[in-house]
Amino acid sequence: MKQRMNLYVLKTGDLSLVEFVNSVANSFDKNIIDNNGWLVILKGLEITLFISITALLAGTIIGALLCSMRISKVGALKISAKIVIAFLRGSPVLLLLMVFYYVVFANSRFDAVFIAIIAFALNSGAHIAEIMRSALSAVDVRQLEAARMLGFSKIRAFMAITLPQATRIAKPVYQSATINLVQWTSVVGYVSITDLTRTVNNIGARTGDPFFALFFGILIYLAISYMVNFIFSLQGRKKITL
Amino acid sequence: MIRTVNLYKRFGELTVFSDLNIHIQKGECVAVIGPSGTGKSVLFRTLALLERPDGGQVFINGKEITGRDVNINNIREKFGMVYQGFHLFSHLNVLDNITLAPLKVKKVDRKEARERAMELLSMVGLSEKFSSFPHQLSGGQQQRVAIARSLAMDPDIILFDEPTSALDPSMTGEVLAIIRKLARSGLTMMISTHEMGFAQDVASRVIYMDEKGIYEEGLAEQIFNNPQREKTRMFIRKLKVFSYSIISRGFDMVSMNVQIEMFCQKYNIELKKINHIQLVLEELILEVLAGLYTDVQPQIEFTVEFSEERGEILITFNCKGREFNPFENKDDADHLGIILISGISKKISHNYSNGLNTININI
């Protein structure tokens with residue numbers, strides 16, 4: 001690498017590019033390699049991914065529950081679901097997280113990560129409930145009726161007709177909700193969790209080169225988003241060949 | 001095979017039909033006709049228990065299905081339903097649309113279900129479309145797939161709920177041809193339709209629904225060629241009726257003529273005929289008035305019927321009082337109007353009974 005650079009300088013006499021590349025390499029060494037910075041970042045990434053994935057799974061279950069309450073014919077269930085969803089969607093997730101951490105679970109021994117998962121699961125659950133509800137209402141009810149006419153029971157007709165169609169309708173919105181969730185987890189530093197954002201911030205503060213460290217963090221979040229999109233596109237491809 | 005006893009259905013305050021009794025034999029093809037909103041669709045949906053009847057019973061093969069302890073899902077397997085809007089499963093291709101119910105409800109073997117589906121597809125002429133998705137097909141093709149889908153369950157009876165109403169005229173033919181073929185093969189079916197020619201052709205029996213129930217029913221030939229009741233006749237012949245009554249000498253003839261003209265223009269009757277109608281009526285009224293004593297008020301009612309189907313106009317003229325036939329002495333020079341009327345009309349008839357003169361004039 002250095003030899004090549006030297007060759008380039010000899011040929012062109014241009015030093016500005018060399019200086020830039022050198023400074024980037026230098027920053028990389030300082031932030032990522034020295035003191036095993038990359039291991040720390042990896043640890044933070046792990047926390048971020050763990051919170052995101054668990055919160056997403058729990059949120060989906062909560063969402064399904066809230067959604068089924070919201071569309072049920074029992075008035076009490078419907079209204080309580082409506083209120084819960086409105087509250088959770090309307091309050092900033094960071095405040096929700098802080099309320100849980102400093103008030104609700106202040107005297108409990110729960111791990112901060114666990115509390116974060118609860119907060120994010122509830123918040124994304126409310127969003128997912130609405131995503132599911134809109135998807136379900138977009139499915140043609142007459143197709144369900146046609147299935148009933150062919151002898152399907154209510155539940156089996158729902159499983160065979162409504163669910164696959166609703167899933168297909170909900171997918172793009174669900175996908176962006178997932179990416180949203182991952183990015184919102186970057187605020188867990190407020191409750192003393194050392195996630196990806198917190199680690200790159202710490203490293204930047206320590207090395208006195210915050211720009212590089214933070215920018216590196218953004219690149220990792222970007223990579224996660226692409227990863228999510230890729231995983232969702234895999235699922236779509238499978239559907240068509242089936 | 002299907003029998004209803006005093007079937008009753010209402011939506012809130014609105015009674016759709018009451019005391020409805022039908023009896024459909026195996027192998028019959030029954031057409032249900034009638035103006036929109038008389039409950040044809042609701043009847044079908046009620047038979048299949050998609051709507052709960054508010055009273056009465058439905059029997060299939062002698063077994064009551066409106067009872068409490070009946071498994072509706074098993075009963076519905078015996079019904080096929082073809083909708084106005086097709087309602088194919090939009091996330092499945094044509095073949096899966098047809099095999100879904102046999103596989104999941106009847107638990108037929110996959111290979112067998114596919115073979116049967118391909119057989120049905122070739123019957124409806126869509127063999128090469130088996131892997132297409134519903135949105136890739138035309139309306140007529142979708143409806144043919146929908147027919148195949150309901151046939152795949154081997155139903156005892158198929159209910160066709162206005163199967164061609166959502167199709168444009170170029171596609172109705174292909175769907176009607178298949179229904180015709182099924183009727184000939186002896187499948188029991190009920191069809192609600194606005195295609196009168198088709199109904200007459202395919203149905204063995206016709207039910208005319210109006211006034212919250214069955215208004216008239218009978219053999220297809222009888223209903224179409226010789227309907228007994230007023231509304232049936234008006235519906236079958238596509239009659240449009242204008243009626244007017246005169247109870248005073250000082251009636252407003254100008255207003256009457258304007259109303260007649262407006263009625264005629266609504267149904268696109270040619271100007272010459274409108275003039276003829278007005279002329280005939282004017283002359284008749286004047287003739288009646290001239291024949292009365294001056295202190296007697298006239299009691300005249302007339303209707304103008306226009307048959308869209310045949311393009312014919314029939315004037316029915318009633319007047320109460322003593323017998324009066326203006327056409328008795330035709331060559332009377334004093335009654336120029338009568339000569340005029342005779343010249344215009346195709347056919348004139350007169351009848352007197354119970355103090356009522358009835359004159360029918362075809363133009």
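A: Chain B of this predicted model contains 12 helices and 16 strands. Its radius of gyration is 27 Å, well over the 21 Å that the globule rule gives for 363 residues, so chain B is more spread out than a compact globule. Along the principal axes, the C-alpha trace of chain B spans about 90 × 45 × 35 Å. Of the 363 residues in chain B, 36% count as buried. Among the contacts in chain B between residues at least 6 apart in sequence, 63% join residues at least 24 apart.

One sheet of chain B is open and has five strands, in the order β12-β13-β14-β16-β15, with antiparallel pairing. At its edges stand β12 (239-246) and β15 (347-353) of chain B; each has a single partner strand, so one side of each is left without a neighbour in the sheet. From one strand to the next, the twist averages 15°. The antiparallel strands β12(B) and β13(B), the latter covering residues 300-307, are joined by eight bridges. Within this pairing, K240(B) has F306(B) of β13(B) as its bridge partner.

Two helices of chain B accompany this sheet. Helix α10 (residues 253-266) of chain B packs on the sheet and touches β12 and β13 of chain B, its direction making about 175° with that of β12(B). Helix α11 (residues 271-291) of chain B lies across β12, β13, β14 (312-320) and β16 (356-362) of chain B, and runs at about 15° to β14(B).

Another open sheet of chain B consists of six strands in the order β7-β8-β9-β4-β10-β11, and its pairing is mixed. The edge strands here are β7 (79-82) and β11 (214-219) of chain B, each of which pairs on one side only. Neighbouring strands in this sheet are turned against each other by 15° on average, direction ignored. Within the sheet, strand β8 (residues 157-161) of chain B runs parallel to strand β9 (residues 188-192) of chain B, and five bridges join them. L159(B) stands opposite M190(B) in β9(B).

Helix α3 (residues 94-104) of chain B leads from the interior of this chain to its partner. The buried residues of α3(B) are V94(B), N97(B), I98(B), T99(B), L100(B), A101(B) and P102(B). These buried residues pack against α4 (110-123) and α5 (139-151) of chain B, together with α8 of chain A.

The contact between the chains involves 17 residues of chain A and 18 residues of chain B. On the side of chain A that touches chain B, α7 (141-149) and α8 (154-184) of chain A each supply at least two residues. The residues on that side of chain A divide into seven nonpolar, four polar and six charged.

A compact globule of 242 residues would have a radius of gyration near 18 Å, whereas chain A has 24 Å. Taken along the principal axes, the C-alpha atoms of chain A fill a box of roughly 80 × 50 × 25 Å. Buried residues make up 33% of the 242 residues in chain A. Among contacts in chain A between residues at least 6 apart in sequence, 71% join residues at least 24 apart.

How values were computed
Residues numbered from 1 in each chain as written. Chains lettered and ligands numbered in written order. Predicted model: local features only at pLDDT ≥ 70, side-chain atom pairs only at ≥ 80, totals over all residues. Contact = placed C-beta atoms within 7 Å. Helix = DSSP H or I, 4+ residues; strand = E, 2+ residues; numbered from the N terminus. Nonpolar A, V, L, I, M, F, W, Y, C, P; charged D, E, K, R; others polar. Pairing = 2+ DSSP bridges. Axes fitted to C-alpha atoms, helices over the stretch in contact; angles between N-to-C directions. Rg over C-alpha atoms; globule rule 2.2 N^0.38 Å. Buried ≥ 20, exposed ≤ 12 C-beta atoms within 10 Å, placed from the backbone.
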